[in-house]
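Student: I would like to learn how to read charged pairs, strands and surface patches in a model. Can we work through one example?

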Amino acid sequence: MKFFIDTADLDEIKQAASWGILSGVTTNPTLYSRTGGKLADFEPHMVKICQIVGKDVPVSAESTAETTEDMIAEGRRLAALAPNIVVKLPICEESLPATHQLASEGIRVNMTLVFSAAQALLAARAGARYISPFVGRFDDIAEDGIDRLNDVVTAVKNYEYGYWEQEGGPEIITASVRTPNHVVKAALMGADIATVPFAALKKCVHHPLTDRGLEGFAKDWAKVTGQA
Ligand code: E4P
């Protein structure tokens, strides 16, 4: 299981990268707007992220284009910003041909807003390098997001697609992650990647028994050093 960070915040990305666990970054328009960034700064901001994480770490930059032609044009422009840019497109009738065209040019697409195995199979067949099924948004409406993720992982891994197999694709990115339990359940079913917001990533580091253990060691060590 690889960890991506789901944020556009440069400090969060730097901190997660410093932990030595970071295999990728995903952003979306909402996450970018939370940084206070404006349209003119969007592409330079994506370049900054690419520079922080290094050229071998994929960074998903989401297109807001609405037609196939505009998605292809924006995808080419985004991909030209840095070698590690992945073009993020929402699954829809316009994005499937755009994905197919971009894949044929060797441009990686992360197909997002995926909520069903049928959508994921179409994304893989069109040539998506990454497929992002959302978990938390099902939980938000009292449905079982992990169960839906399991359908996606099982269905997609049943086949080969002829695009990105030489580099291990198409890979499933567990998205819309809210809790460490989402990460664990995704890993147990063999999802390739979890993209995790920084707050949830920090929760993955901690455990109440670890914290209690550390307090105990600190108290006992104070006795050893005579500072108790
Ligand atoms: C990542 O690629 C997605 O855009 C993100 O995980 C969505 O998360 P949300 O459901 O919390 O908005």
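Tutor: This is a predicted model. Start with Lys-2 and Glu-171, which form a salt bridge whose closest N and O atoms are 2.8 Å apart.

Student: Are Lys-2 and Glu-171 buried or exposed?

Tutor: The general idea is a cut-off: under 20% relative accessible area is buried, over 50% is exposed, and the range in between is partly exposed. Lys-2 has 34% relative accessibility, so Lys-2 counts as partly exposed. Glu-171 has 6%, so Glu-171 is buried.

Student: How many salt bridges are there?

Tutor: The rule asks for a side-chain nitrogen of Lys or Arg within 4 Å of a carboxyl oxygen of Asp or Glu. The count is 12. One of them joins Arg-178 to Asp-140, with the closest N and O atoms 2.6 Å apart. That pair also links distant parts of the chain: Arg-178 lies in the loop between β7 and α9 (180-188), and Asp-140 in helix α7 (residues 136-140), 38 residues apart. Arg-178, at 36%, is partly exposed, whereas Asp-140, at 52%, is exposed.

Student: And what is the distance between the closest N and O atoms of Arg-148 and Glu-143?

Tutor: In that salt bridge it is 2.4 Å. Arg-148 is partly exposed at 33%, and Glu-143 is partly exposed at 34%. Elsewhere, salt bridges with shared partners join Lys-2, Arg-108, Arg-129, Glu-167 and Glu-171 into one network.

Student: Back to β7. Which way do the side chains of its residues point?

Tutor: In strand β7 (residues 171-174), Glu-171 and Ile-173 point one way, Ile-172 and Thr-174 point the other way, and all are buried.

Student: Which strands are joined to β7?

Tutor: Strand β6 (residues 130-133) runs parallel to β7 and is joined to it by two bridges; here Ile-131 stands opposite Ile-172. Strand β8 (residues 193-196) is also parallel to β7, again with two bridges, and Thr-174 stands opposite Ala-194 of β8.

Student: Last, which residues gather in a patch of negative charge on the surface?

Tutor: They are Glu-66, Glu-69, Asp-70, Glu-93 and Glu-94. Among them, Asp-70 sits in helix α4 (residues 68-79). Its relative accessibility is 44%, so Asp-70 counts as partly exposed.

Conventions. Residues numbered from 1 in each chain as written. Predicted model: local features only at pLDDT ≥ 70, side-chain atom pairs only at ≥ 80, totals over all residues. Heavy atoms only, no water. Patch = residues over 30% accessible without salt bridge, like charges linked within 9 Å, V, L, I, M, F, W, Y side chains within 5 Å. Areas by Shrake-Rupley, 256 points an atom, 1.4 Å probe, with all protein chains shown as cover. Lys, Arg positive; Asp, Glu negative; His and termini not counted. Charge placed at Lys NZ, Arg CZ, Asp CG, Glu CD. Helix = DSSP H or I, 4+ residues; strand = E, 2+ residues; numbered from the N terminus. Buried < 20%, exposed > 50% of the residue type's maximum accessible area, 1.4 Å probe, protein only. Pairing = 2+ DSSP bridges.
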